[in-house]
Amino acid sequence: MEIWLNPACSKCRSAVEILDEEGARYTVRKYLEDPPSADDLRDVLTRLGLEPWDITRTQEAEAKELGLGGWERTDAARERWIAALAAHPRLIQRPIITADDGSALVGRSEEAVREAVARTGGETS
């Protein structure tokens, strides 16, 4: 299991606390220091079953500067969104947890984080 996080984010810190409480084995990707590539984003979007605009923090100042609110949310515009997320990782919703079963979740709630642990088979260290 891997968790993409920003250590300054309270939701991310809460997710790590839950993973630790559950004894889950995971690796941390500080995605602002180690930004995902466009391929990484495509992979995680497939695993999430979401589109790039679904994991975009559209209220961030960078999003407003880019004018993301006015961007089309269509298949034709998908790569534009992915490129923006790769270039501006701060816009990526967090935390994202990739489970060992090939799925992924946005772990903004305790339930979602516990679901990621369950999808990993509850493997502990």
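User: Is the crossing of helix 2 and helix 4 left-handed or right-handed?

Analyst: This is a predicted model, in which local features need pLDDT of at least 70 and side-chain atom pairs count only at pLDDT 80 or more, while totals for chains, interfaces and linings use all residues. Residues are numbered from 1 along each chain as its sequence is written, and side-chain values use heavy atoms, with hydrogens and water left out. Helices (H or I, at least four residues) and strands (E, at least two) are DSSP runs numbered from the N terminus. A crossing is left-handed if the near helix is turned anticlockwise from the far one by less than a right angle and right-handed if clockwise, and that of helix 2 and helix 4 is right-handed.

User: At what angle do helix 2 and helix 4 pack?

Analyst: Axes are lines fitted to C-alpha atoms, for helices over the stretch in contact, and angles run from 0 to 180 degrees between N-to-C directions. For helix 2 (residues 38-48) and helix 4 (residues 78-87), the axes are 9 Å apart and the packing angle is about 115°.

User: How many charged residues does the contact of helix 2 with helix 4 have?

Analyst: With contact meaning heavy atoms within 4.5 Å, A38, L41, R42 and L45 of helix 2 meet R78, E79, I82, L85 and A86 of helix 4. Ala, Val, Leu, Ile, Met, Phe, Trp, Tyr, Cys and Pro count as nonpolar, Asp, Glu, Lys and Arg as charged, and the others, Gly among them, as polar. By these classes the contact holds 6 nonpolar residues and no polar ones, and the number of charged residues is 3.

User: Which orientation do helix 1 and helix 5 have to each other?

Analyst: Helix 1 (residues 10-21) packs against helix 5 (residues 110-119) at an angle of about 40°, with the two axes 10 Å apart. Angles under 35 degrees count as roughly parallel, over 145 as roughly antiparallel, 65 to 115 as roughly perpendicular and the rest as oblique. The orientation of helix 1 and helix 5 is therefore oblique.

User: How many nonpolar residues does the contact of helix 1 with helix 5 have?

Analyst: Helix 1 passes helix 5 in a right-handed crossing. A15, I18, L19 and E21 contribute to the contact from helix 1, and E110, V113, R114 and V117 from helix 5. Sorted by class, this contact has 3 charged residues and no polar ones, whereas the nonpolar residues number 5.

User: Is V44 buried or exposed?

Analyst: V44 lies in helix 2, and its contacts, leaving aside neighbours within four places in sequence, are W4, I96, T98 and A104. Buried means under 20% relative accessible area, exposed over 50% and partly exposed in between, with a 1.4 Å probe and protein chains only. Because its relative accessible area is 1%, V44 counts as buried.

User: What is the C-alpha to C-alpha distance between V44 and T98?

Analyst: T98 belongs to strand 3 and, at a relative accessible area of 9%, is buried. Not counting residues up to four places away in sequence, T98 touches M1, E2, V44, R47, S103 and A104. Although V44 and T98 are 54 residues apart in sequence, their C-alpha atoms are separated by 7.6 Å.

User: Is the peptide bond from R94 to P95 cis or trans?

Analyst: Most peptide bonds are trans. P95 is placed in the loop between helix 4 and strand 3 (96-98). With omega near -10°, the bond from R94 to P95 is cis.

User: How many disulfides does a search of the whole structure find?

Analyst: A disulfide is taken as a pair of cysteine sulfur atoms within 2.5 Å. The cysteine sulfur closest to that of C9 is in C12, 3.5 Å away, which is too far for a bond. Both residues are buried, C9 at 7% relative accessibility and C12 at 1%. The number of disulfides found in the whole structure is 0.

User: What is the relative accessible area of L32?

Analyst: L32 is placed in the loop between strand 2 (27-30) and helix 2. Apart from residues up to four places away in sequence, L32 touches N6, P89 and R90. L32 is partly exposed, and its relative accessible area is 29%.

User: Which residues does R13 touch, not counting residues up to four places away in sequence?

Analyst: R13 lies in helix 1 and, at 42% relative accessibility, counts as partly exposed. With that sequence limit applied, the residues touched by R13 are P7 and A8.
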